[in-house]
Amino acid sequence: MDFIEELHRRRTFGIISHPDAGKTTLTEKLLLFGGAIQIAGAVKSNKIKRSATSDFMEIERQRGISVATSVMAFDYKNLKINILDTPGHQDFAEDTYRTLTAVDSVIVVIDVAKGVETQTEKLVEVCRMRNTPVIVFINKLDREGKDAFDLLDEVEQKLGLKVRPLSWPVGMGQRFKGVYSMYEKKLVLFRPHGKQEEEDKIEITDLADPALDHHIGERDAAILREEVQMIEGVYPDFERDAYLEGRLSPVFFGSAVNNFGVRELLDCFTDIAPPPLARHTEERLVEPEEAKFSGFVFKIHANMDPNHRDRVAFMRVCSGKFERNSPYLHVRQNRKLKFSNPTSFMADKKTIVDEAFPGDVVGLYDSGNFKIGDALTEGEALHFKGIPSFSPEQFRYVNNADPLKAKQLAKGLEQLMDEGVAQLFTRDVDGRKIVGTVGALQFDVLQYRLQHEYGASVQYEGVNLYKACWATCDNEQVLKEFMQRRRRDLARDVDGQLVFLAESAWQLKTVQENFPEMEFHFTSEY
Ligand code: G4P
């Protein structure tokens, strides 16, 4: 297979959901279809468990194991499918946001009973920012849940997605009989416990067909006919281009644990999901078909064992072919690096990869060279865009508790920030350092790692902040005045960019009103 064929058969995507909606179960079923795992449970055992929320060491340990599921690849219908794992635990939301920069499309899993939950809202917002194509899978139809039309409304309102159902449920919970796939024009009958048979899939091209009444009963057939008619009237026709541009999301219904609706989802996904997409850099658009290799690091995983300081940097290949032992330019450091054991991780298997194509993700062993967002190329100085930092939601001052270890602390903070554990801001007025995180757990992780890996100790002190927003202005005069008047609330991020530390939503609003020409951004890239 030549290079172009190889890259065109890649489909790289992520599955996102609020914890418990069924992401792990769905992932596992997809892997079973693809033959990547033989038994259920292989992925599940890597899951960060909810019960461990109070014990961050346990969570870190589990997260360490979850390196194994960072990228799950399998072949299906001559395509190579790469599923990038996104931690469901909300304290690692930032990891998930960043992983979303490395996918070409997304499947969102929603629990039919719970509807759209907060974590899903945040994650889909990140997808919308990037116009990522989204497929919605409504899960757990074997349980009583919300009305399907109400759910679609909720998805449109809360997630801001325009939807088009491509399958439709017949009943729900105890009365769940199956789904009608408008995409395949087939009725798929439900059998619990994943015991689906080929004959459960019945071709019904015209819903007036009496076979429908025969299979699901007259009453349900009448309801289905009416509802499908309503769907055709209310929702736009499905157009692949609209989906690819992130303007229309197809919706499927099923029950992952019962393996129901999963194959239909996968078959549609393989038909419509995009192959590796071009990536923006500050310099130019990088097309996957380009002969020269380029890629960027979107996630860094540190080893928790202090005797093994190595980390794994996950790099997505964006163009050209990545080859083991070839010298590549580390753009930020302006030096050549060679990788003798680039690795792919799959369930409990680690494999050295000799080559990788656009859409693939490679784990690179690293002793501290990489930072999130770093580019590797064959020589061109490219800087990939779209890998922003997100405004943290929790803040604390960090104080050095051991003055003799100031150097270690500075180094530790720098390296851990490179890994994306948290974000560091330095106040303009007094040089005090503030750590910002998405989840409270990260404070413990940071303190523990500084102590155990760098021998530095920190104490936290509360600081009352609502958001850190990156502040810019085209009008230099206004910027100067803003900086003079709000000096107390200003800080710099690790790259020296100006950040406004807002104490409350109200304060941010007032400042915005007082300085209408100033722009405040909730991500570091705008
Ligand atoms: P997550 O990764 O999104 O957090 O969710 P996960 O797949 O772990 O699923 C959460 C729970 O929901 C699991 O139950 C799982 O078995 C269940 N589940 C997943 N899909 C379905 C479905 O289609 N129908 C029903 N009824 N349940 C479903 P658990 O009790 O937390 O775990 P387990 O003991 O079953 O492993």
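Counting rings of Phe, Tyr and Trp (its six-membered ring) as paired if their centres lie within 6.5 Å, you get 20 aromatic pairs. This is a predicted model, where local features need pLDDT of at least 70, side-chain atom pairs count only at pLDDT 80 or more, and totals for chains, interfaces and linings use all residues. Residues are numbered from 1 along each chain as its sequence is written, and side-chain values use heavy atoms, with hydrogens and water left out.

Select Phe443 and Tyr460 to start. Their ring centres are 5.4 Å apart and the planes sit at 70°, so call this pair edge-to-face (planes over 60 degrees apart; under 30 is stacked, the rest tilted). Phe443 is in helix α12 (residues 441-454) and Tyr460 in strand β27 (residues 458-462), so the pair ties together parts 17 residues apart in sequence. Helices (H or I, at least four residues) and strands (E, at least two) are DSSP runs, numbered from the N terminus. Both Phe443 and Tyr460 are buried, meaning under 20% relative accessible area (1.4 Å probe, protein chains only).

Next, pick Phe482 and Phe515: another edge-to-face pair, 5.2 Å centre to centre with 85° between the planes. Phe482 belongs to helix α13 (residues 476-485), while Phe515 is in the loop between α14 (505-514) and β31 (519-521), so this pair ties together parts 33 residues apart in sequence. Phe482 is buried at 0% relative accessibility, and Phe515 is buried at 4%.

Last stop: select Phe293, Phe322, Tyr328, Phe339 and Phe370, which ring pairs link into a cluster.

Key:
Buried < 20%, exposed > 50% of the residue type's maximum accessible area, 1.4 Å probe, protein only.
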